[in-house]
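Here is a friendly briefing to read alongside the model. Please keep the viewer open as you go through the points.

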Amino acid sequence: MDLNFLIVIFLIGFIGSFISGMVGIGGSIIKYPMLLYIPPLFGLAAFSAHEVSGISAVQVFFATIGGVWAYRKGGYLNKTLIIYMGASILIGSLIGSYGSQFMSEGGINVTYGILALIAAVMMFVPKKGIDDIPLDQVTFNKWLAAAFAFIVGVGAGIVGAAGAFLLVPIMLVILKIPTRMTIATSLAITFISSIGSTVGKVVTGQVDYVPALIMVVASLIASPLGANAGKKVNTKILQYILAVLILGTAIKIWLDIL
């Protein structure tokens, strides 16, 4: 484990966490493929899908703390949404992350590819008028939100993600939550989800602790910076950035699977 390895892992964590803080996701949608494909490009040892999912789970836990802290003021955090979706996604992620030890490498990648493809399609669905709703007048179906969160949690737990890349389009398209509230609230829900994913990965021995620690340090620095930058960017631009990221990741994963 040389200096080049440490630098590459830190940069993956920093870049991924900055972007994830800006668009309201934990970052696995970005860092999962980066960890799989970038180290070998520099002549470094490749991580297995199990190792990548374990590192991602731990990193997301800390990245979302930084993002939520940056959004704590301004009325962006919807506490009711956090409680209903957070509780459901925590249960789902515990089930998914524990069960992932019984899956093959290919099975984990296929699960990730399916989740990314669904999220990509949803991000391109028109979202008219949602940002015209005052933050203190936002309403949603609580039990529908909880049901979707549980399903997302199971799939996200399998791949070591916290599911925000799926939560965000669900909140925007189905629950009709304004963009900035979606970004802030999804980070809080993702933090809760990442508890289940992290516990499951640690208990089943799927975490490589040195790369995970490097990613955590990078996340704590970059995620708040990204969140603060996201507050200043037009909401439509934020939606397009996330849509392109998710679509690109889905295409890359499926090209490798097929």
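**Asn78 and its surroundings**

The side chain of Asn78 comes within 3.3 Å of the backbone nitrogen of Thr80, a polar contact, that is, a pair of N or O atoms within 3.5 Å in which, within protein, one must be able to donate a hydrogen and the other to accept it, with residues adjacent in sequence counting only if both atoms are side-chain atoms. The model is predicted, with local features needing pLDDT of at least 70, side-chain atom pairs counting only at pLDDT 80 or more, and totals for chains, interfaces and linings using all residues. Residues are numbered from 1 along each chain as its sequence is written, and side-chain values use heavy atoms, leaving out hydrogens and water.

- Asn78 sits in the loop between α3 (49–70) and α4 (79–99); helices here are DSSP runs (H or I, at least four residues), numbered from the N terminus.
- Asn78 counts as buried because its relative accessibility is 11%; buried means under 20% relative accessible area, exposed over 50%, and partly exposed in between (1.4 Å probe, protein chains only).
- Setting aside neighbours within four places in sequence, Asn78 is in contact with Val138, Phe140, Met181 and Thr185, where contact means heavy atoms within 4.5 Å.

**The nonpolar core**

- The largest nonpolar core holds 67 residues, and Leu81 and Met85 have the most contacts inside it. Helix α7 (residues 164–174) supplies the largest share of this core, eight residues.
- Such a core is a set of buried Ala, Val, Leu, Ile, Met, Phe, Trp, Tyr and Cys residues joined through side-chain atoms within 4.5 Å.
- As background, nonpolar side chains tend to be buried together in soluble globular proteins.
- Beyond neighbours within four places in sequence, Leu81 is in contact with Gly86, Phe140, Ala145, Met171, Leu175, Ile177, Thr185 and Ile189.

**Along helix α8**

- Ala188 lies in helix α8 (residues 179–203) and is buried, because its relative accessibility is 8%.
- Not counting residues up to four places away in sequence, Ala188 touches Val68, Leu77 and Ile82. Ala188 and Leu81 are 107 residues apart in sequence, while their C-alpha atoms are 9.8 Å apart in space.
- Thr190 is also placed in helix α8, and its relative accessibility of 0% is why Thr190 counts as buried. A polar atom of the Thr190 side chain lies 2.5 Å from the backbone oxygen of Ser186.
- Ser197, in helix α8, is buried because its relative accessible area is 0%.
- Val203 belongs to helix α8 and is exposed, because its relative accessible area is 62%. From Val203 to Met123 the C-alpha to C-alpha distance is 34 Å, at 80 residues apart in sequence.

**Gly54 in helix α3**

- Gly54 is found in helix α3 and is buried, since its relative accessible area is 0%.
- Apart from neighbours within four places in sequence, Gly54 is in contact with Lys201, Gln206 and Val207.
- Gly54 and Asp208 are 154 residues apart in sequence and 7.1 Å apart in space, taken from C-alpha to C-alpha.

**A backbone angle to check**

- Lys176 has a phi near 60 degrees, a positive value in a residue other than glycine. Most residues other than glycine have a negative phi.
- Lys176 is located in the loop between α7 and α8, and its relative accessible area of 42% is why Lys176 counts as partly exposed.

**The nonpolar surface patch**

- Which residues form a nonpolar patch on the surface? The members are Leu3, Leu6, Ile7, Leu11, Ile15 and Val210, with about 500 Å² of accessible area together.
- Accessible areas come from the Shrake-Rupley method with a 1.4 Å probe, and for residues only the protein chains shown count as cover.
- Patch residues have over 30% relative accessible area and no salt bridge, with like charges joined within 9 Å and nonpolar side chains (Val, Leu, Ile, Met, Phe, Trp, Tyr) within 5 Å. A salt bridge is a side-chain nitrogen of Lys or Arg within 4 Å of a carboxyl oxygen of Asp or Glu.
- Helix α1 (residues 3–23) gives the largest share of the patch, five residues.
- Val210 lies in helix α9 (residues 209–230) and is partly exposed, because its relative accessibility is 39%.

Key
Helices (H or I, at least four residues) and strands (E, at least two) are DSSP runs, numbered from the N terminus.
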